[in-house]
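Visitor: I am new to this structure. Please take one part of it and show me that part closely.

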Amino acid sequence: MLYSFLITVVILVVESFLSRRNNVYLGAILPVVYLVTLIYLWFSETFFVKSTFSFLLAAFAGLVALLGIWINGRESLKKK
């Protein structure tokens with residue numbers, strides 16, 4: 001469980017860093033990779049969930065977090 005937490009923190013820090021670069025597409029890399037990975041896991045049936053709702057909730061929450069960091073980084077770059 002500790003490793004999962006550390007991986008999550010590293011991903012969020014990297015997303016924050018990439019979203020503050022001049023190239024707008026750098027910050028879009030992790031949300032796209034996250035979405036593609038979830039779609040792959042869903043269709044390959046290697047993502048074991050108890051229900052479709054929990055899968056969709058996890059996908060939505062993760063995507064909202066990553067896109068929120070991306071938008072926040074773009075706005076902070078505009079302020080400079």
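Guide: Let us look at the largest pocket. Helix 2 gives the largest share of its lining, six residues. Keep in mind that this is a predicted model.

How big is the pocket? The volume of the largest pocket is about 240 Å³. Its lining counts 13 residues. Those closest to the centre are I11, L30, Y34, G62 and L66. By class, the lining has ten nonpolar residues and three polar ones. No charged residue is among them.

Now step back to the chain around the pocket. The protein chain has three helices and zero strands. From the N terminus on, the order reads α-α-α. Along its principal axes, the C-alpha trace spans about 45 × 25 × 15 Å.

Next, see how the helices meet. Start with helix 2 and helix 3. Their axes lie 9 Å apart, and the packing angle is about 170 degrees. An angle over 145 degrees counts as roughly antiparallel. Helix 2 and helix 3 are therefore roughly antiparallel to each other. On the helix 2 side, the contact uses L30, P31, Y34, L35, L38 and W42. On the helix 3 side, they meet T52, F55, A58, A59, G62, L63, L66 and L67. This contact of helix 2 with helix 3 has twelve nonpolar and two polar residues, with no charged ones. Return to the pocket for a moment: L30, Y34, G62 and L66 are among the residues closest to its centre. L30 and Y34 belong to the helix 2 side of this contact, and G62 and L66 to the helix 3 side.

Turn to the other pair. Helix 1 covers residues 2–19, and helix 3 covers residues 52–79. Their axes come within 8 Å and cross at roughly 35 degrees. The crossing is right-handed. Helix 1 brings I11, L12, E15, S16 and S19 to the contact. Helix 3 answers with L66, I69, W70, G73 and R74. Here the residues divide into five nonpolar, three polar and two charged. I11 and L66 take part in this contact.

Technical notes:
Residues are numbered from 1 along each chain as its sequence is written. This is a predicted model: local features need pLDDT of at least 70, side-chain atom pairs count only at pLDDT 80 or more; totals for chains, interfaces and linings use all residues. Side-chain values use heavy atoms; hydrogens and water are left out. Axes are lines fitted to C-alpha atoms, for helices over the stretch in contact, and angles run from 0 to 180 degrees between N-to-C directions. Helices (H or I, at least four residues) and strands (E, at least two) are DSSP runs, numbered from the N terminus. A crossing is left-handed if the near helix is turned anticlockwise from the far one by less than a right angle, and right-handed if clockwise. Contact means heavy atoms within 4.5 Å. Ala, Val, Leu, Ile, Met, Phe, Trp, Tyr, Cys and Pro count as nonpolar, Asp, Glu, Lys and Arg as charged, and the others, Gly among them, as polar. On a 1 Å grid over the protein atoms alone, a cavity is a set of points where a 1.4 Å probe fits but cannot get out, and a pocket is an open set with protein on both sides within 12 Å along at least five of seven lines; lining residues have an atom within 4 Å of a point. Grid points are joined across faces, edges and corners, and a volume is the space filled by probe spheres set on the points. Angles under 35 degrees count as roughly parallel, over 145 as roughly antiparallel, 65 to 115 as roughly perpendicular and the rest as oblique.
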